[in-house]
Amino acid sequence: EEWNRGDVEKFVSYYAEDCVFAGSEVSKGRAGVLARYKRTYPNKDAMGKTTFSDLEVQMLGKQYAKVLGRWRLERSAAAGGATGGFFTLVVRKQAKNWMIIHDHTSVAK
């Protein structure tokens with residue numbers, strides 16, 4: 001929901017402070033991930049509208065889980081066009097929230 005509203009700061013608040021994002025480059029820490037998202041998606045048009053599908057969750061203990069899924073980004077051709085791919089997240093339960101500690105996202109044709 002936050003992404004589709006154009007609120008990248010709130011979207012990244014679900015990443016742990018010590019997270020790692022691996023895609024076309026590696027970003028470490030929430031601040032690094034936020035900087036990468038702001039550079040790659042500088043405005044709401046570039047962010048477009050995203051959907052997630054084919055989600056598979058595997059628990060890795062009481063406090064950890066792996067999430068596999070597909071992502072799809074719809075946006076105008078002027079804003080970069082539609083794209084999508086796959087992601088694997090490792091999430092950790094912190095207090096009442098599940099936080100992303102590792103995000104490996106790829107683009108698929």
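The model is predicted. Its chain contains 3 helices and 6 strands, and along the sequence these elements come in the pattern α-β-β-α-α-β-β-β-β. The radius of gyration is 14 Å, close to the 13 Å that the globule rule gives for 109 residues, so the chain is as compact as a globular protein of that length. Taken along the principal axes, the box filled by the C-alpha atoms is roughly 45 × 30 × 25 Å.

Of the 109 residues in the chain, 36% are buried. Among contacts between residues at least 6 apart in sequence, 42% join residues at least 24 apart.

The aromatic residues come next. The structure holds 9 aromatic pairs. A pair of aromatic rings is described by the distance of the centres and the angle of the planes. For Trp-3 and Tyr-37, the ring centres are 5.5 Å apart and the planes stand at 70°; planes over 60 degrees apart count as edge-to-face, so this pair is edge-to-face. Trp-3 belongs to the segment before helix H1 (8-12), while Tyr-37 sits in helix H2 (residues 29-40), so the pair ties together parts that are 34 residues apart in sequence. Both Trp-3 and Tyr-37 are buried.

Trp-3 also pairs with Tyr-41: their ring centres are 5.0 Å apart with the planes at 80°, so this pair is edge-to-face as well. Here, too, distant parts of the chain are linked, since Trp-3 is in the segment before H1 and Tyr-41 is in the loop between H2 and helix H3 (44-47), 38 residues apart.

How buried are Trp-3 and Tyr-41? The cut-off for a buried residue is under 20% relative accessible area. Trp-3 has a relative accessible area of 5%, and therefore is buried. Tyr-41, at 13% relative accessibility, also counts as buried.

These residues belong to a wider group. Trp-3, Tyr-37 and Tyr-41 form one aromatic cluster together with Phe-11, Tyr-15 and Phe-21.

Definitions and conventions: Residues are numbered from 1 along each chain as its sequence is written. This is a predicted model: local features need pLDDT of at least 70, side-chain atom pairs count only at pLDDT 80 or more; totals for chains, interfaces and linings use all residues. Side-chain values use heavy atoms; hydrogens and water are left out. Helices (H or I, at least four residues) and strands (E, at least two) are DSSP runs, numbered from the N terminus. The radius of gyration is taken over C-alpha atoms; the globule rule is 2.2 Å times the number of residues to the power 0.38. Buried means under 20% relative accessible area, exposed over 50%, partly exposed in between (1.4 Å probe, protein chains only). Contact means heavy atoms within 4.5 Å. Rings of Phe, Tyr and Trp (its six-membered ring) pair if their centres lie within 6.5 Å; planes under 30 degrees apart count as stacked, over 60 as edge-to-face and the rest as tilted.
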